[in-house]
Amino acid sequence: MDTLPLVDVLSEHGAPMEIDYLSIDVEGAEYRILAKFPFSQYAFKAITIERPSAALQEILIREGYVVVLNYKEDLYYVHRELVDVSTARFDTARWFGGIK
């Protein structure tokens, strides 16, 4: 089966540089999809990943994502610029203002 890197799909379809939501559930290939992803080129406000590996969690934390919910096997991340980290509360005003 032929596949394309996520960045190529986004680029080919003219995706905006800031994307509201990304959900990944690819039966263990999540790390392979995001390990070399250019987060400086595209930013996601929120990401849901099923069972992210420790290595993938480290990448997401380094790229500015905070876990806001752990539900069953899914971790829900929001970019730190959209969360009041001191209270771990999601800030809707920041959501609509975007990531800087």
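Q: So what's the mean pLDDT of the chain?
A: This is a predicted model, and the chain's mean pLDDT is 85. A score of 70 or more is reached by 83% of its residues.

Q: Where is confidence lowest, and where is it highest?
A: Lowest is helix H4, residues 92–97, with a mean of 54. Highest is H1, at 95.

Q: OK, on to the sheet. What order do the strands come in?
A: The order is S1-S2-S4-S3, in an open sheet of four strands with mixed pairing. S1 and strand S3 (65–71) are the edge strands, each pairing on one side only. On average, neighbouring strands are turned by 15° against each other, if you ignore direction.

Q: And how many bridges join S2 to S4?
A: Five, and those two strands run antiparallel. If you want a spot to look at, find Ala-46, which stands opposite Val-78 in S4.

Q: Now the inside. Which residues touch the most other members of the largest nonpolar core?
A: Leu-34, Phe-37, Phe-39, Phe-44, Ile-47 and Leu-60, out of 19 residues in that core. At least two core residues come from each of helix H1 (6–12), strand S1 (18–24), strand S2 (43–50), helix H3 (54–62) and strand S4 (74–79).

Q: Take Ile-47. What does it touch, leaving out residues up to four places away in sequence?
A: Ile-47 touches Leu-22, Leu-60, Tyr-65, Leu-75, Tyr-76 and Tyr-77.

Q: How many aromatic pairs are there?
A: Four. One of them is Phe-37 with Phe-39, an edge-to-face pair with 5.0 Å centre to centre and 70° between the planes.

Q: Why do you give both a distance and an angle?
A: Because a pair of aromatic rings is described by the distance of the centres and the angle of the planes.

Q: Are Phe-37 and Phe-39 buried or exposed?
A: Phe-37 has a relative accessible area of 7%, so it's buried. Phe-39 is at 10%, so it counts as buried too. The cut-off for buried is under 20%.

Q: Which residues are in the aromatic cluster?
A: Phe-37, Phe-39, Tyr-42, Phe-44 and Tyr-65 form one cluster.

Q: Last one: where does Ala-35 lie?
A: Ala-35 is in the loop between helix H2 (30–34) and S2. Its relative accessible area is 28%, so Ala-35 is partly exposed. Ala-35 is 20 residues from Ala-55 in sequence, and their C-alpha atoms are 8.6 Å apart in space.

Technical notes:
Residues numbered from 1 in each chain as written. Predicted model: local features only at pLDDT ≥ 70, side-chain atom pairs only at ≥ 80, totals over all residues. Heavy atoms only, no water. Core = buried A, V, L, I, M, F, W, Y, C linked by side-chain atoms within 4.5 Å. Buried < 20%, exposed > 50% of the residue type's maximum accessible area, 1.4 Å probe, protein only. Contact = heavy atoms within 4.5 Å. Phe/Tyr/Trp six-rings, centres within 6.5 Å; stacked < 30°, edge-to-face > 60°. pLDDT = per-residue confidence, 0-100. Pairing = 2+ DSSP bridges. Axes fitted to C-alpha atoms, helices over the stretch in contact; angles between N-to-C directions.
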